[in-house]
Every structure is written in C-alpha cells, then in structure tokens.
Amino acid sequence: MDVWSPMFIVYVLITALIPGLLATWLGVGGCFLRIPMLMYFFGVSIKTAYCINQAVVALTTIPGVIVHIRSGHVYWRGFIVAALSAMVGVALGAYIVAKYLPTLFLRVFFGFVCVAIGIYIGYKTVKARRRLVRRITVAEVKVLEHGVKLATLMFLAGFATGLCGFGGGIYFVPIYMGLAYPTHIAVGTSSIQMLPVAGLGSTVLTLSGFMNLTLFIAVGIPTLIASWIGAKLAVKSPPWILRLIYAAGIICAGLYVAIDALQKIVGTA
C-alpha cells in the first residue's frame with residue numbers, strides 16, 4: 001500500500017481513533033485492537049506491530065493521564081511500586097520476543113490471552129454490578145495495596161506485556177481491580193503506568209530492528225486526540241459499563257487473531 005494514499009489514510013484514522021478512544025476510556029492502552037489493525041491493515045509483522053503499538057501507547061497516553069491525575073484517579077504509591085516491577089518484567093519479555101519466539105506462536109498466544117482476560121473481567125463485572133455504580137477518587141480512600149503482592153503481580157504482568165506487545169493496561173487494570181482498587185483509580189493508575197512500561201518495551205524491540213517510524217508517526221499523532229477524549233469519557237462513565245465494554249472488545253479481537261493464526265499453522269502443517 002502506498003504511503004499517504006486515500007486507503008492508507010483511512011486505515012490510519014481507524015487504527016488511531018478507535019483504539020485511542022478506548023485506551024484512556026478503559027485504561028488498557030487500546031492494544032487489543034491496535035495490534036491486529038496494524039498487522040491486517042498495513043501488512044507488518046506482529047513483532048513490528050508490537051513495537052509500534054507500545055511506542056504509540058507511551059506517546060498518546062499522556063493527554064489522558066493528565067485528565068486522570070486532575071480527576072483524582074491516580075494512586076501514586078501503588079504506581080511507583082507497580083511501574084518499577086513491571087518495567088523489569090517487560091524488558092525481559094520483549095527481549096524474548098525479539099530473539100526467540102516465532103510469529104505465528106505469538107499470534108495464538110496473544111489471541112487466547114485476550115479471550116481469557118475478557119471472560120474473567122466480564123464474569124467479575126456481572127457478579128459485582130450492583131457495587132460498581134459510583135466513581136471513587138483517591139481522596140476517598142486511605143491506603144490501597146502497594147507492597148510485595150502488587151510488586152510480584154506487576155512483574156508478571158510486565159513480562160506478559162513484553163510477550164504480547166501490549167502497553168500493559170490489559171493486565172494492569174485486572175490486577176488493580178483484583179487488589180480492591182476502585183474502578184476509576186485502577187484505570188487512572190494503569191494509564192500512567194503504561195508510559196514507562198510501554199516505552200521500555202518499544203525501546204527493546206526498536207533496538208532489535210522492528211520499528212516502522214513512518215507508521216508510528218502516522219498513527220501516533222491522531223491517537224493523541226482520541227486519547228484525550230477517552231479520558232474525558234472515563235470521568236463520566238459508570239464503572240460497570242467500562243468493564244463490560246472492555247471485556248467484550250478484548251474477547252472479539254482475541255478470537256479473531258487466534259483463529260486466523262491457527263488456520264495458518266494448520267495450513268502449513
């Protein structure tokens with residue numbers, strides 16, 4: 001596809017605006033949509049899609065993070081512990097992806113991880129729907145988990161982030177929720193955590209030769225606008241709606257990528 005052709009521009013806008021909007025709205029980086037879009041719209045390998053996606057997340061989460069901070073959605077003590085732990089994990093995971101893992105295996109792994117997380121979050125949301133009706137800020141809570149348990153889980157989440165090429169929020173949000181963080185605080189803290197974690201993951205892959213700078217710039221700039229709008233929506237949205245949208249989107253995207261990769265594996269067997 002010719003760069004800056006009408007179809008290229010259409011694909012860029014779709015890839016930028018839809019995942020970008022969902023990113024700061026749901027606190028998950030939009031990766032579960034952006035990675036498949038990069039692969040199927042632009043024909044790049046999954047490793048290049050990982051690299052571009054993580055770079056886009058590191059850049060475009062910034063406007064939404066500002067909104068979340070101003071809205072009282074960031075628990076700083078938890079963020080520091082979680083970010084440092086996850087950065088160690090993502091560096092290790094991204095290195096393994098760059099050096100050792102085959103492309104089709106990565107696609108299947110990516111897809112089924114998405115499905116599993118989506119089912120888990122959907123189930124937990126339906127079960128707790130009556131309690132998820134009010135926005136809670138950090139001013140209303142005293143102390144949330146920020147010790148060894150958070151550090152251990154976030155290291156594992158960072159490792160999985162490196163393996164799947166995500167910005168990290170797809171794992172961070174469920175962990176925060178599982179540790180009793182209120183939904184909006186989980187989303188806001190996850191959003192700011194994605195800045196250093198995704199940035200480091202993309203750096204490791206870039207140094208291994210998987211960056212497409214033109215595509216990164218084309219997708220990254222309009223995503224900035226969508227990111228800001230998504231964060232504004234998060235302030236006004238009931239927590240249970242955020243969780244259900246997240247669960248449905250990740251299941252659909254994960255199934256598509258996994259089934260497509262499995263068909264290719266069977267076809268080459």
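Buried means under 20% relative accessible area, exposed over 50%, and partly exposed in between (1.4 Å probe, protein chains only). The model is predicted: local features need pLDDT of at least 70, side-chain atom pairs count only at pLDDT 80 or more, and totals for chains, interfaces and linings use all residues. Residues are numbered from 1 along each chain as its sequence is written, and side-chain values use heavy atoms, with hydrogens and water left out.

**View 1. The aromatic pair F41 and F42.** F42 is buried, at 17% relative accessibility. F41 is partly exposed, at 24%. Rings of Phe, Tyr and Trp (its six-membered ring) pair if their centres lie within 6.5 Å; planes under 30 degrees apart count as stacked, over 60 as edge-to-face and the rest as tilted. The structure holds ten such aromatic pairs. In one of them, the ring centres of F41 and F42 lie 6.4 Å apart and the planes stand at 85 degrees, so the pair is edge-to-face. F41 and F42 also belong to one aromatic cluster with F8 and Y11.

**View 2. The aromatic pair Y176 and Y181.** The ring centres of Y176 and Y181 are 4.7 Å apart. Their planes meet at 50 degrees, so this pair is tilted. Both tyrosines, Y176 and Y181, are buried.

**View 3. The whole chain.** The chain has ten helices and zero strands. Helices (H or I, at least four residues) and strands (E, at least two) are DSSP runs, numbered from the N terminus. Along the sequence the pattern reads α-α-α-α-α-α-α-α-α-α. Buried residues make up 57% of the 269 residues. Contact means heavy atoms within 4.5 Å. Among contacts between residues at least 6 apart in sequence, 85% join residues at least 24 apart.

**View 4. Helix α5 against helix α7.** Axes are lines fitted to C-alpha atoms, for helices over the stretch in contact, and angles run from 0 to 180 degrees between N-to-C directions. The axes of α5 (residues 103–127) and α7 (residues 169–178) come within 11 Å and cross at roughly 30 degrees. That makes α5 roughly parallel to α7 (angles under 35 degrees count as roughly parallel, over 145 as roughly antiparallel, 65 to 115 as roughly perpendicular and the rest as oblique). The crossing of α5 and α7 is left-handed (the near helix is turned anticlockwise from the far one by less than a right angle; clockwise is right-handed). From α5, the contact uses V113, C114, I117 and I121; from α7, I170, Y171, P174 and M177. By class these are eight nonpolar, no polar and no charged residues (Ala, Val, Leu, Ile, Met, Phe, Trp, Tyr, Cys and Pro count as nonpolar, Asp, Glu, Lys and Arg as charged, and the others, Gly among them, as polar).

**View 5. P174 in helix α7.** P174 lies in α7. P174 is buried, at 13% relative accessibility. P174 and I117 are 57 residues apart in sequence and 8.1 Å apart in space, C-alpha to C-alpha.

**View 6. Helix α2 against helix α3.** Helices α2 (residues 31–42) and α3 (residues 46–70) pack at about 135 degrees, with axes 9 Å apart. That makes α2 oblique to α3. The crossing of α2 and α3 is right-handed. C31, R34, I35, L38 and M39 of α2 meet I46, A49, Y50, I52, N53, V56 and V57 of α3. This contact has ten nonpolar, one polar and one charged residues.

**View 7. The loop residue A180.** A180 sits in the loop between α7 and α8 (183–207). A180 has a positive phi of about 75 degrees although it is not a glycine. A180 is exposed, with a relative accessible area of 57%.
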